[in-house]
Amino acid sequence: MKKIESIIKPFKLDDVVEALSEVGVEGVTVSEVRGFGRQKGRTEIYKGAEYVVDFLPKIKIEVVVPDQIADTVISAIQRTAKTGKIGDGKIFVTDIEKAVRIRTGEQDEEAL
């Protein structure tokens, strides 16, 4: 099993969730997060004063999927989250050793 975490621009959330559903992902966790990468935030002007916004609003999407569909899921996220502009985000993939459904006690891929 793989845990796929992606950090994307907020306005791309609906597109990415729809693409995940189309490739067979049944469970998604979404969090509003803030951060920055190479773009180093942005400069804004408020009441005539310039200030730097260091942390930009982003969306973090987490899914755990069987190994055999991991590459398909990654491709779906990348395809739908891409704008071609700086700040499109990142995808991180880690191995999951165990998963347990609390209600039934099902384990590993049965728990997904």
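Is Val 30 buried, partly exposed or exposed, and what is its relative accessible area? Val 30 is partly exposed, and its relative accessible area is 38%. This and the other values in this report are computed from a predicted model.

## Overall architecture

The chain contains 2 helices and 6 strands. Read from the N terminus, these elements follow the order β-α-β-β-β-β-α-β. The chain comprises 112 residues, of which 29% are buried.

Of the contacts with a separation of 6 or more, 73% are between residues 24 or more positions apart.

## Strand 1 and its two partners

Strand 1 covers residues 2-8 and pairs with strand 5 in the antiparallel sense, over 7 bridges. Within this pairing, Ile 4 has Val 63 of strand 5 as its bridge partner. Strand 1 is also joined to strand 6 by 7 bridges, and these two strands likewise run antiparallel. Here the bridge partner of Glu 5 is Phe 92 in strand 6.

Strand 5 spans residues 56-65, and strand 6 spans residues 89-95. In a regular strand, side chains alternate between the two faces of the sheet.

## The surroundings of Glu 5

Glu 5 lies in strand 1. Its relative accessibility is 17%, so this residue counts as buried, the limit being under 20%. Apart from neighbours within four places in sequence, Glu 5 is in contact with Lys 60, Ile 61, Glu 62, Lys 90, Ile 91 and Phe 92.

One of these residues, Lys 60, has a side chain that makes a polar contact with the side chain of Glu 5, at 3.1 Å. The C-alpha atom of Glu 5 is also separated by 6.4 Å from that of Val 93, although the two residues are 88 positions apart along the chain.

## Salt bridges

The whole structure holds 6 salt bridges. One of them pairs Lys 3 with Glu 62, with 3.1 Å between the closest N and O atoms. This pair links distant parts of the chain, since Lys 3 belongs to strand 1 and Glu 62 to strand 5, 59 residues apart. Lys 3 counts as partly exposed because its relative accessibility is 24%, whereas Glu 62 is buried, with a relative accessible area of 17%.

A salt bridge also forms between the side chains of Asp 88 and Lys 9, with an N to O distance of 3.7 Å. This pair again links distant parts of the chain: Asp 88 is in the loop between helix 2 (67-81) and strand 6, while Lys 9 is in the loop between strand 1 and helix 1 (13-22), 79 residues away. Both Asp 88 and Lys 9 are buried. A further salt bridge joins Glu 106 to Arg 101, whose closest N and O atoms are 2.8 Å apart. Glu 106 is partly exposed at 30% relative accessible area, and Arg 101 is partly exposed at 27% relative accessibility. Side chains of opposite charge can pair when their charged atoms come close.

Val 17, Val 28 and Val 30 form a nonpolar patch on the surface, and together they have about 180 Å² of accessible area. Val 30 is located in strand 2, which spans residues 29-35. Patch membership requires over 30% relative accessible area, and Val 30 has 38%.

Asp 108 lies in the segment after strand 6. With a relative accessibility of 28%, Asp 108 counts as partly exposed.

Conventions. Residues numbered from 1 in each chain as written. Predicted model: local features only at pLDDT ≥ 70, side-chain atom pairs only at ≥ 80, totals over all residues. Heavy atoms only, no water. Patch = residues over 30% accessible without salt bridge, like charges linked within 9 Å, V, L, I, M, F, W, Y side chains within 5 Å. Areas by Shrake-Rupley, 256 points an atom, 1.4 Å probe, with all protein chains shown as cover. Salt bridge = Lys/Arg side-chain N within 4 Å of Asp/Glu carboxyl O. Helix = DSSP H or I, 4+ residues; strand = E, 2+ residues; numbered from the N terminus. Buried < 20%, exposed > 50% of the residue type's maximum accessible area, 1.4 Å probe, protein only. Contact = heavy atoms within 4.5 Å. Polar contact = N/O pair within 3.5 Å; in protein donor to acceptor, adjacent residues only side chain to side chain. Pairing = 2+ DSSP bridges.
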